[in-house]
Amino acid sequence: MTSDSGDRVDLIVRQWARERPDLETTAMSVFGRIFRLARLAGDRMERAYSPYGIGRPEFDVLATLRRAGDPYQLSPGELAASMMLSTGGTTARLDRLEKAGLIERLPSPSDRRSVLVRLTRPGFDTVEQAVGAGLAQQQDMLAHLSPEKQRQLDALLREALRG
């Protein structure tokens with residue numbers, strides 16, 4: 001499609017307008033574009049993380065531990081809460097990362113029934129490189145927007161999420 005005729009979301013909205021002129025479709029346009037952008041970004045993130053032997057789910061764990069600061073460790077429950085995952089989903093990710101040597105599970109010094117998850121040196125090095133690669137892809141996706149428009153988009157999305 002050319003820029004004169006809009007994008008694929010515009011086509012969908014025009015079709016709905018023809019078939020159901022009673023519908024107000026602005027929300028459909030907004031969310032259609034958000035979903036498409038998220039899918040495109042997700043695909044680019046997967047490609048960016050692939051050279052480091054991880055995918056987006058593994059990156060999320062490593063990045064959460066890295067953001068926690070030195071000593072780069074959290075309980076599995078803290079990790080799950082931060083990533084908005086079930087503990088079962090978190091455990092599967094931790095198993096893969098531990099097998100790859102990117103994290104280690106250590107006994108908790110305060111509760112011998114629980115463990116802490118900590119980045120290993122290879123895990124730290126992996127996330128340090130992967131975060132830059134992923135951010136470069138995100139910046140590239142927004143490069144056609146001026147810095148001011150990027151800030152406006154950020155503010156509008158923040159406001160929409162508050163609703």
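**Overview**

Helices α3 and α4 pack at an angle of about 110°, with their axes 10 Å apart. The structure is a predicted model, in which local features need pLDDT of at least 70, side-chain atom pairs count only at pLDDT 80 or more, and totals for chains, interfaces and linings use all residues. Residues are numbered from 1 along each chain as its sequence is written, and side-chain values use heavy atoms, with hydrogens and water left out. Helices (H or I, at least four residues) and strands (E, at least two) are DSSP runs, numbered from the N terminus.

- Two packed helices are described by the angle between their axes and the distance between the axes.
- Axes are lines fitted to C-alpha atoms, for helices over the stretch in contact, and angles run from 0 to 180 degrees between N-to-C directions.
- With their crossing of about 110°, α3 and α4 are roughly perpendicular to each other; angles under 35 degrees count as roughly parallel, over 145 as roughly antiparallel, 65 to 115 as roughly perpendicular and the rest as oblique.
- On the α3 side the contact (heavy atoms within 4.5 Å) is made by D60, V61, T64, L65 and R67, and on the α4 side by L79, S82 and M83.
- Sorted by class, the contact of α3 with α4 has four nonpolar, two polar and two charged residues; Ala, Val, Leu, Ile, Met, Phe, Trp, Tyr, Cys and Pro count as nonpolar, Asp, Glu, Lys and Arg as charged, and the others, Gly among them, as polar.
- Helix α4 (residues 76-83) also meets helix α5 (residues 87-99): the axes come within 9 Å and cross at roughly 110°.
- The pair α4 and α5 is therefore roughly perpendicular as well.
- P76, L79, A80 and M83 of α4 make this contact with T87, T90, R93 and L94 of α5.
- The classes in the contact of α4 with α5 are five nonpolar, two polar and one charged residues.

**Helix α5 and its buried face**

- The 13 residues of α5 should span 18 Å at 1.5 Å a residue, and its end C-alpha atoms are 18 Å apart, which agrees; the expected span is 1.5 Å times one less than the number of residues.
- The buried residues of α5 are T90, R93, L94 and L97, where buried means under 20% relative accessible area, exposed over 50%, and partly exposed in between (1.4 Å probe, protein chains only).
- Seen down the axis of α5, these buried residues fall within an arc of 100°, so they line one face of the helix; the arc is that of the directions from the helix axis to the C-beta atoms.
- An α-helix has 3.6 residues a turn, so residues three or four places apart point the same way.
- The buried residues of α5 pack against α3 (56-67), α4, β2 (103-107) and β3 (115-119).
- Just after α5, G101 takes a positive phi of about 80°.

- Helix α6 has 22 residues and reaches 32 Å from its first C-alpha to its last, close to the 32 Å expected at 1.5 Å a residue.
- In α6 the buried residues are G123, F124, T126, V127, A130, G134 and M141.
- They cover an arc of only 150° around the axis, which puts them on the same side of α6.
- The cover over the buried residues of α6 includes α2 (26-49), α3 and β3.
- For α2, 24 residues at 1.5 Å a residue should span 34 Å, and the end C-alpha atoms are 34 Å apart, which agrees.
- S29, G32, G42, M45, A48 and Y49 are the buried residues of α2, and what covers them includes α1 (8-19), α3 and α6.

**Loops**

- In the loop between α3 and β1 (73-74) lies P71, and the peptide bond from D70 to P71 is cis, with omega near 20°.
- Y72 is found in the loop between α3 and β1, and its phi is near 60°, a positive value in a residue other than glycine.
- M84, in the loop between α4 and α5, has a phi near 55°, also positive in a residue other than glycine.
- M84 is exposed, with a relative accessible area of 76%.
- S108, in the loop between β2 and β3, is buried, with a relative accessible area of 10%.
- Not counting residues up to four places away in sequence, S108 touches S114, V115 and L116.
- A143 is in the loop between α6 (121-142) and α7 (147-162) and is exposed, with a relative accessible area of 53%.
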